[in-house]
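Welcome, and thanks for taking a look with us. Let's walk through this chain from its overall build down to one strand and its neighbours.

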Amino acid sequence: MGKIALFVLLLSGLLMSGDSSPPKKGAVELKVELQQAGAQLNPQFLSVTIDASLASDPKYMTFLGSAKLRTLARGLSPAYLRFGGTKADFLLFDPNKEPSLEEKLYWESQTSSGLCEKRRLPLAVKKNLCTQWPFQEQQILKEEWQKKYKNTTISRSTVDLLYSFANCSGLSLIFGLNALLRKENSQWDSSNAKLLLNYCASKQYSLSWELGNEPNSFRKKAGIYIDGSQLGQDFVQLHNLLSNYSVFRSSSLYGPDIGKLQKNTQKLLKSFLKAGGKVINSVTWHHYYVNGRTASEKDFLNSSVLDSLILKIQNVFQTVNETLPNRKVWLGETSSAYGGGSPGLSNTYLDGFMWLDKLGVSATLGIDVVMRQTFYGAGSYNLVDANLEPLPDYWLSLIYKKLVGSKVLKATISSTDSTDDRKLRAYLHCTNSNHPKYNAGDITLFLLNLHNGTRNFQLPSSLSSKYVDKYMLRPVGKESLLSRSVQLNGCILKMVDDETLPPIAEKSLSPSSFLTLPAFSYGFFVIRDAKATACF
């Protein structure tokens, strides 16, 4: 399918359900197809990462013992948790290394030996870590900007903390192994990986694996060049190694986690798939819209910037299908801005335009999993901030998880005036079948308005008699789009306590109501009793 066809499919197609009556004056008419679903997504479609830089000093991994952080993570379950990133290629595992003082204090403070019994991060440890974290964060970002990385050694305790966090939060852990460990003949040196596998097998930890992060940048980061064919052989070696452990024989393997798909990267991907594609479960690649150090507020509201993802996804699928047809494709690491995000932009309500549109485009075009960089850690693109407070994109992700199902439907828009429809974005799914309030046949529509003015949307006549539940997200306070707080239908979203998320309450609309989006806003609408054939 060509670029133009994809663009038309997303934004201005003529897909309809039932009869359509002329839209009311000034309204934007929605057209939907409810008979057939497009892609069937992975139930863990929206997933998250913990960047391995959090372990640059392993004591900061103790943050993962926080009951509050685990409550927030549990809200996004089911999901994958990828532990990886650039720093994963500079991590070494030493089973004999003593844990940090903070890790020791955490484990010693637990009154139960059960992996997922109620656990708390000791107050003194939390206070100490929070005080020191800003300095550590600057060190991590400095290392990233200068592209000068140091090796870090982690202990059994660090692995236990990571696995406990994932497992007890309902997340499926994917661990990124160090691919820069090389023998003289350039083959991967698996000796350190074996130490880690031995330990995880002894604990009966169930997890999946990756090998290396953005191999197209190895020369820049470490002065090492590894071609795609060699990397593919390394994955085969890892696959064979995993088969030696009964607990890992059915473990999944993902890769190669390439960065921007330029000509050389495309060549690397092709040769990797030819040599090692048979042993991976999904192909992973990374995407960011903009450079975090130069991004502006306008970039986040620019429909052309958002549309740029379409061609990139198309190119990845074309490369994969030429070499390894029908293999699942994942966005294995993604956010708005690379380089740790854009301070004051990536951690605000504004970022939601890029995040929600990326989820919509990716689902429509068949991406199986989208992994948000990062759940918690250094930088500005996190879902949870340094004080363990959820940011707007966390709440957006939580609501997406609750309302949006895995069957993708088609929604398009057409207006009666000269409105630039590229600034109005519409995506449609079957409603999440696990939501206790909704039934089979219900549908969830999410809309984005990039205009500096209110827009009213009108459902097609076949749905005009249906009741609709609105979930409108708006920024809080005078910071407006740059707010780090968000309200749902007028109520500010915040945790009840460290172990309780707030209720996600709808606002009911009467039949034939407009679906109204204020200027620069986004929201979800559940159309009840839509009787969508594709959703049964």
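## Burial and overall build

Buried residues make up 59% of the 536 residues in the chain, where buried means under 20% relative accessible area with a 1.4 Å probe, counting protein chains only. Please keep in mind that this is a predicted model, in which local features need pLDDT of at least 70, side-chain atom pairs count only at pLDDT 80 or more, and totals for chains, interfaces and linings use all residues. Residues are numbered from 1 along each chain as its sequence is written, and side-chain values use heavy atoms, leaving out hydrogens and water.

The C-alpha trace spans about 70 × 55 × 45 Å along its principal axes.

The chain has 13 helices and 21 strands, which are DSSP runs numbered from the N terminus (helices H or I, at least four residues; strands E, at least two).

Now to strand β6, which covers residues 171–177 and has six of its seven residues buried. Its pairings are listed here, with two strands pairing if DSSP finds at least two bridges between them.

| Strand paired with β6 | Sense | Bridges |
|---|---|---|
| β3 (residues 79–84) | parallel | five bridges |
| β7 (residues 208–211) | parallel | four bridges |

Towards β7, F175 stands opposite W209.

Conventions
Buried < 20%, exposed > 50% of the residue type's maximum accessible area, 1.4 Å probe, protein only.
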